[in-house]
Amino acid sequence: MKKWVKSLAISLALPGLLLMGCGGGNGGGSATTNAPKGDAPAGVQERKIKVGIGLNEDHPEGQGIKKFKELVEQKSGGKMQVQNFFSATLGDDQKMTEALQGGLQEVTVPSTSPLVGMIKEYGVFDLPFVFNTEQEAHAVLDGPVGQKLLDKLPEHGLIGLAYWENGFRNLTNSKRPVNTPQDFQGIKLRTMQNEIHLEAFKALGANPTPMAFSEVFSALEGKTVDGQENPLATIKSNKYNEVQPYLSLTKHVYTPFVFLVSKKFWDGLSPEEQKIMKEAAVEAGKYQREVNFKENAKAVEDLKAAGMKVNEVSDENRQKMKEAVQPVIDKYSKEIGEDLVNEMMAEIEKARKK
Ligand code: TK8
């Protein structure tokens, strides 16, 4: 057989071999799916769905999109094939969100914070110190306030199917333990591209700089910034302990992830295909929240074992931090819309009484 024919035959056969050979297919960019092509429900046709996130495969969010892939391929008899891309392979939150708007990518699951430049009302989740527990946050996200925010996405070319969990953000840095507002003084701090975060950390005396997530580790390693803030699962999965000696449990903001679909793609789906996507996003989101909660619960001990010096922040000191940022909360509550902020606070109060 001619050499080029043989290599063509192998490359054509390869996906089939991969299908049989591995249970994986979740790596960044592998197009194969491991779901057998069963009987697809009526109204379902061959689809390729590129899902991109900023976090890596081990992070609970990475596990969440693997669950999404499994569910979509099961429910569609393998006809709707999901290709997962991790660690910002397709770009950062903002770039991937723009790719969805342009119809170049089908799904991404960003933090809500970078959306605030486009939809200011998402800023309700960036107001510091408003949530005390995940349950309170879920009550807001899964209730009328969360739905109102999802309803604002289609005019921007996006469909929001579910809220997943990034979680409570804590501070790491290379200078000192942070217990009081004074301890933030002069710390060069990477923040998300979100003006509420920038203003809040300035009010605390830090020197904040916005930066895409994929640049954070090298900025910390190269000491262009002294610190960053993220949930514990992220601190652990991105190995910030290797470049950050101090972890302060500030729990200053709860950040959601939002499961976004390109409206260009969504509008071309049949009702049956949309139902499969919606069910899979919601079901995988429940799974992801559970994995995230468990991972965050054990991350402190793991990070201590990895050598980080961890300090709890007392309620009294968190209250002092909140007082220091209150002018920022007041300013942005007005900009976001006080009716929506008050509605969220009422939802939180209701959740606290349960
Ligand atoms: C990952 C980001 C990350 C966020 C950040 O794509 O940027 O610090 O917390 O989770 O969305």
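The legends below accompany close-up views of a predicted model.

**Figure 1. Polar side chains at the oxygen atoms of the ligand.** An N or O atom in the side chain of Ser 111 is placed 2.7 Å from an oxygen atom of the ligand. For Arg 190, a polar side-chain atom lies 2.7 Å from a ligand oxygen atom. In the case of Asn 230, an N or O atom of the side chain is 2.7 Å from an oxygen atom of the ligand.

**Figure 2. Surroundings of Asn 238.** Asn 238 belongs to the loop that runs between helix H8 (232–237) and strand S9 (246–249). With residues up to four places away in sequence left out, Asn 238 touches Leu 55, Asn 56, Phe 213 and Phe 217. The side chain of Asn 238 is joined to the side chain of Ser 237 by a polar contact of 3.2 Å.

**Figure 3. Asn 238 and Asp 58.** Asn 238 and Asp 58 are separated by 180 residues in sequence. In space, the C-alpha atoms of Asn 238 and Asp 58 are 9.4 Å apart.

**Figure 4. Backbone of Lys 223.** Lys 223 is found in the loop between helix H7 (216–221) and strand S8 (227–230). Although Lys 223 is not a glycine, its phi is positive, at about 60°. The relative accessibility of Lys 223 is 51%, and Lys 223 therefore counts as exposed, the cut-off for that class being over 50%.

**Figure 5. Backbone of Lys 239.** Lys 239 is located in the loop between H8 and S9, the loop in which Asn 238 also lies. The phi of Lys 239 is near 55°, which is a positive value in a residue other than glycine. Lys 239 counts as partly exposed because its relative accessibility is 46%.

Notes:
Residues numbered from 1 in each chain as written. Predicted model: local features only at pLDDT ≥ 70, side-chain atom pairs only at ≥ 80, totals over all residues. Heavy atoms only, no water. Helix = DSSP H or I, 4+ residues; strand = E, 2+ residues; numbered from the N terminus. Contact = heavy atoms within 4.5 Å. Polar contact = N/O pair within 3.5 Å; in protein donor to acceptor, adjacent residues only side chain to side chain. Buried < 20%, exposed > 50% of the residue type's maximum accessible area, 1.4 Å probe, protein only.
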